[in-house]
Amino acid sequence: MKKAMRGLAAFAVVLGAVSAARAEEKPTFKAGFAERDVSPKIGDEAPGGYGKAYHRTFHDPCKARAAVFDDGANRVAIVGLDALFIRGKTVGEVRTAIEAKTGIPAGSILVSASHTHSGGPTGLFLPGEFADASPLVRDMVEKETVIADAAYLEKVKAGIVEAVVEADANRVPARGGAGFGLAENVAFNRRFLMKQGHAMTHPGVGNPDIVEPAGPVDPQVGVLGAWDEKGKFLGCVVNFACHCTTGPGGISADYVYYIERAIRGLMGDDAKVVFVPGMAGDVTQVDNRLPYQAAQFGEGSARLVGGTVGAEAGKALVAMERQAGPMVPVAATSRKLSIPRRKPSPEHVAAALELIQKPDKASVDTTDWAFAKETVVLDARIAREPVVETEVQAVQVGPAVFLTSPAEYFCQYGLDLKAGSKFPFTFPVSLANDVVGYVPHENALDPQTGGGYETRLTSYSNLEPAAGRKIADALLELAAGLTPGVAPRAPALNPFTGKPWTYGDRRPQLD
Ligand SMILES: [Zn+2]
């Protein structure tokens with residue numbers, strides 16, 4: 001008996017050693033999610049245009065949505081904010097606070113704005129930014145342009161920090177996966193080559209002068225999902241390229257609200273959905289070639305885009321669930337970029353100054369006035385900051401990589417990133433960690449065939465024509481410096497050793 005006990009004990013020691021070795025081999029993967037409501041108040045400024053507008057009704061909450069991923073050695077945080085954009089300075093502040101509270105390195109934190117046009121005032125300019133400018137410029141910024149509200153910015157910053165801190169605390173051993181859905185016919189390139197010979201933005205539904213779209217769309221819905229070890233769905237990160245401009249009416253996360261509802265319907269009411277927008281600088285829900293009368297804004301439009309994208313994300317999630325496993329390694333890398341602004345000519349500025357100072361503002365075309373105002377503010381912005389210092393970032397979660405641009409970046413660049421990256425799941429993310437306005441594709445800036453809204457010089461959009469390619473090249477270099485992890489897969493089937501099902505192994509009974 002004693003001898004047998006000793007033998008058993010020795011066997012247990014050996015087993016213990018084996019399982020310890022297995023535990024070492026088994027990669028650690030943890031995931032945590034959390035969100036905070038950062039809705040603006042009724043009466044707050046509603047950004048989205050070049051002039052003033054105010055919120056009058058509430059539709060659904062604007063959120064800071066956070067995911068934290070951990071491979072045992074590194075952690076990264078991915079934040080999707082329901083806002084038009086977020087300035088680099090604001091991102092710097094929340095990163096510092098998050099690093100202090102969690103130890104997640106500032107450079108491993110990705111904060112992107114969904115670009116909802118129904119969110120709160122996070123910009124464009126920050127309070128006091130033009131305090132020392134001429135009275136004329138100050139008036140143009142403070143009275144004629146959307147500016148951030150100091151109290152609202154504090155709410156947003158606190159919401160992001162709290163969401164990431166809670167997501168970090170919520171981290172549990174997890175299984176994850178990545179995949180793609182395909183949302184076709186809900187997002188459209190809004191730029192067209194016209195019979196006139198140059199490109200226009202939104203030439204009008206049914207305009208007979210439309211020759212063809214001037215750029216592509218990207219119908220892929222990128223998804224990264226995570227489950228706990230018991231199989232409970234924790235949350236996901238969803239990536240899709242389409243302007244958040246459906247406007248269901250009032251304060252809203254726009255179509256992201258319906259993405260969340262669709263995914264929660266399938267995966268559970270407490271599922272967290274972190275939305276990071278793709279490269280949608282030239283892509284919206286409006287189909288300028290729609291051959292019938294139908295609303296392309298409002299509730300139905302939000303439901304169409306969000307429901308389709310959410311359903312496609314859900315399809316990808318339920319397909320990846322059976323194969324889910326550790327999504328490792330986890331890593332982040334970034335690079336600073338210095339990009340000169342393009343300057344309006346002295347004549348352009350002089351004409352703009354003359355126009356905005358006309359005593360009878362009502363006599364001036366409102367579009368002409370808005371762009372003249374923008375030219376004057378841009379001129380003042382260039383005087384203080386001729387070169388934009390910004391950042392591109394690559395955040396890796398196993399076989400997936402998020403490649404971020406601070407721009408409203410054109411869709412073609414997103415496709416270029418997907419084609420040029422060796423990662424099986426490349427998720428291009430726009431309006432991330434900063435905002436530098438529209439950065440059009442080179443084609444759109446061609447003096448003969450280019451043109452359109454995104455190529456107009458404003459205080460918002462003004463980077464040199466080479467900016468787009470510089471950003472894409474830098475991102476592909478960052479991605480090339482990372483090694484994709486192996487996509488999780490269920491174990492291969494063992495050779496068949498069983499027997500056919502005994503109920504189902506007979507010839508037909510015809511007697
Ligand atoms: Zn936009």
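Begin by selecting His115, which sits in the loop between E4 and H3; helices (H or I, at least four residues) and strands (E, at least two) are DSSP runs, numbered from the N terminus. Before going further, note that this is a predicted model, in which local features need pLDDT of at least 70 and side-chain atom pairs count only at pLDDT 80 or more, whereas totals for chains, interfaces and linings use all residues. Residues are numbered from 1 along each chain as its sequence is written.

The phi of His115 is near 75 degrees, which is a positive value in a residue other than glycine. Is His115 buried or exposed? It is buried, because 25 other C-beta atoms lie within 10 Å; a residue is called buried if 20 or more other C-beta atoms lie within 10 Å of its own, exposed if 12 or fewer, and partly exposed in between, with the C-beta atoms placed from the backbone.

Stay in this loop, between strand E4 (109-113) and helix H3 (135-144), and select Leu124. The peptide bond that leads from Gly123 to Leu124 is cis, with omega near 5 degrees.

Now colour the protein by pLDDT, which is the predictor's confidence in each residue, from 0 to 100. The mean pLDDT of the protein is 94, and 95% of its residues reach 70 or more. Residues 1-23 stand apart, with pLDDT below 50 and with zero contacts in the model beyond near neighbours in sequence; two residues are in contact if their C-beta atoms, placed from the backbone, lie within 7 Å.

Select the strands in the order E4-E3-E2-E1-E5-E10-E11-E12, and you have an open sheet of eight strands with mixed pairing; two strands pair if DSSP finds at least two bridges between them. At the edges are E4 and strand E12 (272-277), each of which pairs on one side only. Neighbouring strands of this sheet are turned by 25 degrees against each other on average, direction ignored; axes are lines fitted to C-alpha atoms, for helices over the stretch in contact, and angles run from 0 to 180 degrees between N-to-C directions.

Within this sheet, look at strand E2 (residues 63-70) and strand E3 (residues 75-81), which pair in the antiparallel sense over seven bridges. Which residue of E3 is the bridge partner of Arg65? It is Gly80.

H4 touches strand E1 (30-37), E2, E3 and E4, and its direction makes about 35 degrees with that of E2. Helix H5 (residues 256-267) touches strand E11 (233-240) and E12, and its direction makes about 145 degrees with that of E12.

Show helix H2 (residues 88-102) together with helix H4 (residues 150-169), which pack at an angle of about 35 degrees with their axes 10 Å apart. Their crossing is right-handed, a term used when the near helix is turned clockwise from the far one by less than a right angle. Among the residues that make the contact are Val94, Ala97 and Ile98 of H2 and Ile160, Val161 and Val164 of H4.

Select E8, E7 and E9, which form, in the order E8-E7-E9, an open sheet of three strands with antiparallel pairing. The edge strands are strand E8 (199-201) and strand E9 (210-213). In the hairpin of E7 and E8, which has four residues between the strands, Gly197 takes a positive phi near 105 degrees.

**Last stop: two further loops**

Select Pro329, in the loop between helix H6 (299-321) and strand E14 (330-340), where the peptide bond from Val328 to Pro329 is cis, with omega near 0 degrees. Finally, go to Asn433, which lies in the loop between strand E18 (425-429) and strand E19 (438-439). Asn433 has a positive phi of about 65 degrees although it is not a glycine, and it counts as buried because it has 27 C-beta neighbours inside 10 Å.
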